[in-house]
Amino acid sequence: MSSSSAKNVPDKILLNLSNKGLKQLTYELLDQTLSTAYPGPEYQHLTLEHITSLNLQANLLRSLPDDINSRLSSLEWLNMNQNRIMDIKEDILDKLAGDPSQINNVLISLHVNLTKESEVEMILKRLPQLKYLNGLDVDREELELDEETN
């Protein structure tokens, strides 16, 4: 949603929950953080669907909530670095990718701890719209060449 289409609505809505000691991410916490970060009557209409950036760095998270893709449908940037996610498991990627029949996933930048090189390939396959992984440009041509040689 752009600021030209709605009065007083920022183009980008960032929520910063880094270094909060979070063991679990809930939608109630996100709602509270949203209303605290954007107080005032002109922002009362903001919902989780408006969040474009979410910083969860340096917490104690082991997973993400179910249906995060549909609840945070405008999420473009996510930082999950320095959490207790030991490796990127399929369930986390499933939550980020959402329903493959829906083309509402706009996540283009992901920051996450990687422990195995195979995780990079898994992430890029499950999140085909991703343009940046840990701040680096995603090179899909290189991935395709690797697949052809294997």
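A search of the whole structure, which is a predicted model, finds one cavity of 30 Å³ or more, a cavity being a set of points on a 1 Å grid over the protein atoms alone where a 1.4 Å probe fits but cannot get out. The largest cavity holds about 70 Å³ of space, the volume being that filled by probe spheres set on the points. Ten residues line the largest cavity, and the closest to its centre are Asn69, Leu72, Leu75, Leu96 and Asn105, where lining residues have an atom within 4 Å of a point.

Helix H3 (residues 90–97) packs with helix H4 (residues 117–126) at an angle of about 25°, and their axes are 10 Å apart; helices here are DSSP runs (H or I) of at least four residues. The two helices are therefore roughly parallel to each other, a term for angles under 35 degrees. Their contact (heavy atoms within 4.5 Å) involves these residues:

| Helix | Residues in contact |
|---|---|
| H3 (residues 90–97) | Glu90, Leu93, Asp94 and Ala97 |
| H4 (residues 117–126) | Met122, Ile123 and Arg126 |

By class, this contact of H3 with H4 has four nonpolar, no polar and three charged residues, whereas the lining of the largest cavity has six nonpolar, four polar and no charged residues.

Residues are numbered from 1 along each chain as its sequence is written. Local features need pLDDT of at least 70 and side-chain atom pairs count only at pLDDT 80 or more, while totals for chains, interfaces and linings use all residues, and side-chain values use heavy atoms, with hydrogens and water left out.

Key. Axes are lines fitted to C-alpha atoms, for helices over the stretch in contact, and angles run from 0 to 180 degrees between N-to-C directions. Angles under 35 degrees count as roughly parallel, over 145 as roughly antiparallel, 65 to 115 as roughly perpendicular and the rest as oblique. Ala, Val, Leu, Ile, Met, Phe, Trp, Tyr, Cys and Pro count as nonpolar, Asp, Glu, Lys and Arg as charged, and the others, Gly among them, as polar. On a 1 Å grid over the protein atoms alone, a cavity is a set of points where a 1.4 Å probe fits but cannot get out, and a pocket is an open set with protein on both sides within 12 Å along at least five of seven lines; lining residues have an atom within 4 Å of a point.
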